[in-house]
Each structure stands twice: as C-alpha cells, then as structure tokens.
Amino acid sequence: MVSHLAASVAHEVKNPLQVTRGFLQLLGGRNVASHKNYMGLAIQELDRAAEIIDGFLDFAKPQTEDFKDLNIEDELQQITSILTPLAQRKGGQIELSAEPIFIKGNSTKLKQALINIVKNSIEALPQDGKIEIFAKLFTDEAVILVKDNGVGMTESELKRIGQPYYTSKENGTGLGLMVTFQIIEAMGGGIEYTSQKGQGTLVSIRFPSANVQKKPLMNQTS
C-alpha cells in the first residue's frame with residue numbers, strides 16, 4: 001500500500017514540475033541576460049527535484065520481476081565503458097578483471113545498482129586515483145568487489161551507509177544507495193562496505209551463482 005501511495009504522489013508532483021520547466025525554457029529564450037540566469041537556476045532546481053522523485057519512485061517499485069540469466073562479466077564491461085570517461089575527467093582510471101559468472105536478475109536494475117556504487121567511488125577519487133573491479137566465482141557465490149583509493153569514510157559514516165536519506169554529498173538525498181541496497185537484496189544478494197578515512201573504500205557484493213555445470217553426454221551404443 002505504501003509503495004502504491006509513494007508512486008502515486010510522486011507522479012502527481014512530477015507533472016506540474018514538467019509543465020513549469022517547459023514554461024521556464026520558453027521564457028529563457030528571450031534576450032534578457034538577467035532573466036536567462038534566473039531561468040537557468042530555476043530549471044536546475046526543477047531537474048534536481050525531478051531526480052529526487054525518480055529516486056523515490058525507484059525505491060517504491062518492486063524489483064523482483066523479469067529475472068533472467070545475467071553474465072556478470074558482460075554487465076561489468078558495459079558499466080566500465082559507460083563510466084570510464086567520467087573517471088578520466090577526474091584524472092582517475094577504472095580497471096576490470098571479471099570471470100564469466102552467471103546470476104539470476106534484472107539487467108537494467110543490476111546496472112543501476114552497480115553504476116551507483118562505481119559513481120560514488122569516482123566522486124571520492126583523488127587526482128590519479130584508481131578503481132579496481134573484480135568478479136569471481138567462490139563455490140556457489142558470485143562475488144563482485146569494487147575497490148577505490150579515494151577519501152574513504154570514518155567508522156560513524158560507514159555505519160550509516162544505506163540508511164534512509166543519509167548522504168555525504170552536498171546536494172544528495174541518500175536515495176541512490178537505498179535503491180542500490182534494495183535491488184541487490186531483491187536479487188537474493190548482499191552488500192558490505194569496509195573503509196578507512198584517507199585509505200579508500202571496498203564494496204563487496206555477493207549473489208547466488210546461476211552457473212550450471214554441464215554433465216558430459218554418456219556414450220550411446222547401438
């Protein structure tokens with residue numbers, strides 16, 4: 001009931017935001033410099049409000065539908081390709097080492113969760129920083145590790161990771177990591193953060209493996 005209510009309220013609020021944004025864009029086309037600046041700031045704030053609502057909607061939506069076999073190696077290669085330019089703009093780099101491991105899940109939601117995690121690492125990087133992403137099969141678990149040498153977190157900050165509305169970002173809402181935790185848990189997985197201030201952060205994600213050991217065909221005799 002709460003999920004349906006949240007989705008309904010978010011949709012109702014988003015409609016007037018979109019209309020207001022459209023009118024501001026029209027007014028921003030006029031050749032008055034001061035008006036253009038004000039319009040630009042107003043549009044930025046509307047976009048930020050829409051982003052918060054999108055995060056709210058993601059949190060309200062059920063995450064358990066459309067599960068398929070996903071190749072973790074392929075998913076991580078796509079995410080690395082998407083985020084490498086962002087890391088390079090910060091003077092950092094991303095290194096990937098992944099095995100072809102399979103899990104059951106939703107590709108779009110998995111990418112959303114992993115992109116949230118890696119983007120946080122990118123934002124924490126120093127100049128010439130590095131993010132290492134590993135994916136390995138341990139017995140019956142697919143394990144993904146995201147390690148960075150960024151600013152790290154204190155023990156008190158670490159305890160609040162994933163809590164409602166906790167964020168260390170100036171304009172953040174905390175919804176991104178809340179959604180990330182929800183997606184991973186809905187796929188039967190778990191997530192753990194370890195970090196030290198000034199030493200970087202390690203994110204460990206575990207999923208039940210869907211790797212199937214194929215049995216050799218028996219020789220048939222006629």
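**View 1. Helices α3 and α4 lie oblique to each other.** In this predicted model, α3 and α4 pack at an angle of about 40 degrees, and their axes are 10 Å apart. Axes here are lines fitted to C-alpha atoms, for helices over the stretch in contact, with angles running from 0 to 180 degrees between N-to-C directions. As for the word oblique, angles under 35 degrees count as roughly parallel, over 145 as roughly antiparallel, 65 to 115 as roughly perpendicular, and the rest as oblique. Helices are DSSP runs of H or I with at least four residues, strands are runs of E with at least two, and both are numbered from the N terminus.

**View 2. Side chains from both helices line up where α3 meets α4.** On the α3 side, the residues in contact include Ile72, Leu76, Ile79 and Leu83. Their partners in α4 include Leu110, Leu114, Ile115 and Val118. Contact means heavy atoms within 4.5 Å.

**View 3. Lys111 and Glu75 join in a salt bridge.** The N to O distance for Lys111 and Glu75 is 2.8 Å; a salt bridge needs a side-chain nitrogen of Lys or Arg within 4 Å of a carboxyl oxygen of Asp or Glu. Lys111 sits in helix α4 (residues 107-124) and Glu75 in helix α3 (residues 72-89), so the pair ties together parts that are 36 residues apart in sequence. Lys111 is buried at 16% relative accessibility, and Glu75 is buried at 6%. Buried means under 20% relative accessible area, exposed over 50%, and partly exposed in between, using a 1.4 Å probe and protein chains only.

**View 4. Lys104 reaches Asp69 in another salt bridge.** Here the closest N and O atoms are 2.9 Å apart. Lys104 belongs to strand β3 (residues 102-105) and Asp69 to strand β1 (residues 68-71), so this pair ties together parts 35 residues apart in sequence. Lys104 is partly exposed at 48% relative accessibility, and Asp69 is partly exposed at 46%.

**View 5. Lys136 and Glu99 link a strand to a loop.** Their salt bridge has its closest N and O atoms 3.8 Å apart. Lys136 is in strand β4 (residues 130-138), while Glu99 is in the loop between β2 (93-98) and β3. Lys136 is partly exposed at 34%, and Glu99 at 31% is partly exposed too. A search of the whole structure turns up seven salt bridges.

**View 6. Phe181 and Tyr193 make a stacked pair.** How many aromatic pairs does a search of the whole structure find? It finds one. The ring centres of Phe181 and Tyr193 are 6.3 Å apart and their planes are at 10 degrees, so the pair is stacked. Rings of Phe, Tyr and Trp (its six-membered ring) pair if their centres lie within 6.5 Å; planes under 30 degrees apart count as stacked, over 60 as edge-to-face and the rest as tilted. Phe181 comes from helix α6 (residues 175-186) and Tyr193 from strand β6 (residues 190-196). Phe181 is buried at 15% relative accessible area, and Tyr193 is buried at 14%.

**Notes on the views.** Residues are numbered from 1 along each chain as its sequence is written, and side-chain values use heavy atoms, leaving out hydrogens and water. Local features need pLDDT of at least 70 and side-chain atom pairs count only at pLDDT 80 or more, while totals for chains, interfaces and linings use all residues.
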